[in-house]
Amino acid sequence: MPTEPYTLILLRHGNSEWNQKNLFTGWVDVRLSEQGVGEAKRAGQLLAESGLLPDVLYTSRLTRAIQTADLALAEADRLWIDVKRSWRLNERHYGALQGKDKAQTLEEYGPEQFKVWRRSFDVPPPPIADDDQWSQFGDPRYADLGDDLPRTECLKDVIERMLPYWHSDITGDLAAGRTVLVTAHGNSLRALVKHLDGISDDDIAELNIPTGIPLVYRLDESFSPIAPGEYLDPEAAAAGAAAVAAQGSGSK
Ligand SMILES: O=C(O)[C@@H](CO)OP(=O)(O)O
C-alpha cells in the first residue's frame, strides 16, 4: 500500500499571448507568450530542485496548458510519464466576453459588473453565439461533448464539470501513490483549490492563481490537505496573484 501523504502538484499554464494582450480568453486556444515559455521551464526547474517528480500528468485540452506541461516536464526529465487530458480541466468558458479587452470591458461596464463577471461564484457572462468568431461550436476537439458544449460558465459550473473528473480519475492515481501533476488554468484551478481548501462561495472571489508556479499539496487518505498548499516560489506567487487580481484595472 502506498504511504501517505499523497502528493498533488497544481500548475497554471505560463503567461499566454492573450494574457499579455489582456484579453478574456476562456476556451480560445491561444499559445504561450515568450514570457510564458520561460515560466513553464522555470516551473520544471523548481520541481526538479524540490525533488518533486510527477508520475502522471493531467492537462486540459487547451494548447497553453499542454505546452506548459511539456516544457516543465522536459526540464525535469519526465517527458515520458503517462498523460491524460480532459475538457473538464479546461479554463472557465468566458461566454460572450471571449476575445474582449479586459480594460475596455471594465471601462464600458464599470468595476462592479466587471468583478461579477470575473469572480462571482454563480453569475455567468452572457452566452457566446455559435457563429461568434471566438465560439468553440463545431471544433472537432469537443465533438464528444455534443449539446453539452458550454456557451458560457460561472465558477459554479466549472466546479460541477471538473469535480466528477477529480473523483473518477485524478484521486485514483493519487490513491495508487503516484505523484500527480495537474496543468490547467486560472479558473479551473480556482475551482479545485476551492474544493480542497473548503473555501466559501464568497471568499473564493479573492483567490487568484499566478501563472507558471507549482502549487504543492500533501493530501491524506481522504484527499484532504494535511497542510496548506505551498507554492515552490512563494514570493513570485504572491506578486503573480496580485497581478492577476489587478488585470483590467490598469494597475498591473
Ligand atoms: O481570460 C481568462 O480566461 C482568465 C484567465 O486568464 O481571466 P480571468 O483571470 O480574468 O478570469
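**Strand β4 and its surroundings in a predicted model**

Reader: In this predicted model, what is the bridge partner of Leu8 in β4?

Author: Leu8 has a bridge partner in β4, and the two strands concerned, β1 (residues 6-12) and β4 (residues 180-184), pair in the parallel sense over five bridges. Another of the pairs involves Leu11, whose partner in β4 is Thr183. For Leu8, the partner in β4 is Val180.

Reader: Which strand is joined to β4 by four bridges?

Author: The strand in question covers residues 56-59 and runs parallel to β4. Within β4, Thr183 is the bridge partner of Thr59, and Thr183 is also the bridge partner of Leu11. The strand joined to β4 by four bridges is β2.

Reader: In what order do the six strands form the open sheet?

Author: The pairing in this open sheet is mixed. Its edge strands, each of which pairs on one side only, are β3 (82-85) and β6 (230-231). Read across the sheet, the order is β3-β2-β4-β1-β5-β6.

Reader: Which helix packs on the sheet and touches β1, β4 and β5?

Author: The helix spans residues 186-197, and its direction makes about 150° with that of β1. Besides β1 and β4, this helix touches β5 (215-219). Its name is α6.

Reader: Is β4 largely enclosed or open, and how many of its residues are buried?

Author: On one side of β4 lie Val180, Val182 and Ala184, and on the other lie Leu181 and Thr183, all of them buried, so that both faces are covered. A residue counts as buried if 20 or more other C-beta atoms lie within 10 Å of its own. Strand β4 is therefore largely enclosed by the rest of the structure, and the number of its residues that are buried is five of the five.

Reader: Is Asp77 buried or exposed?

Author: Asp77 is found in the loop between α3 (63-75) and β3, and its phi is near 55°, a positive value in a residue other than glycine. Most residues other than glycine have a negative phi. Because Asp77 has 10 other C-beta atoms within 10 Å, the class it falls into is exposed.

Reader: How many nonpolar, polar and charged residues does the shell around the ligand have?

Author: The residues around the ligand include Phe24, Glu91, Arg118 and Asn187. Gly26 and Gly186 are also among them, and Gly is counted with the polar residues. By class, the shell has three nonpolar, six polar and two charged residues.

Note on methods: Residues are numbered from 1 along each chain as its sequence is written. This is a predicted model: local features need pLDDT of at least 70, side-chain atom pairs count only at pLDDT 80 or more; totals for chains, interfaces and linings use all residues. Two strands pair if DSSP finds at least two bridges between them. Two residues are in contact if their C-beta atoms, placed from the backbone, lie within 7 Å. Axes are lines fitted to C-alpha atoms, for helices over the stretch in contact, and angles run from 0 to 180 degrees between N-to-C directions. A residue is near a molecule or strand if its C-beta atom, placed from the backbone, lies within 6 Å of it. A residue is buried if 20 or more other C-beta atoms lie within 10 Å of its own, exposed if 12 or fewer, and partly exposed in between; C-beta atoms are placed from the backbone.
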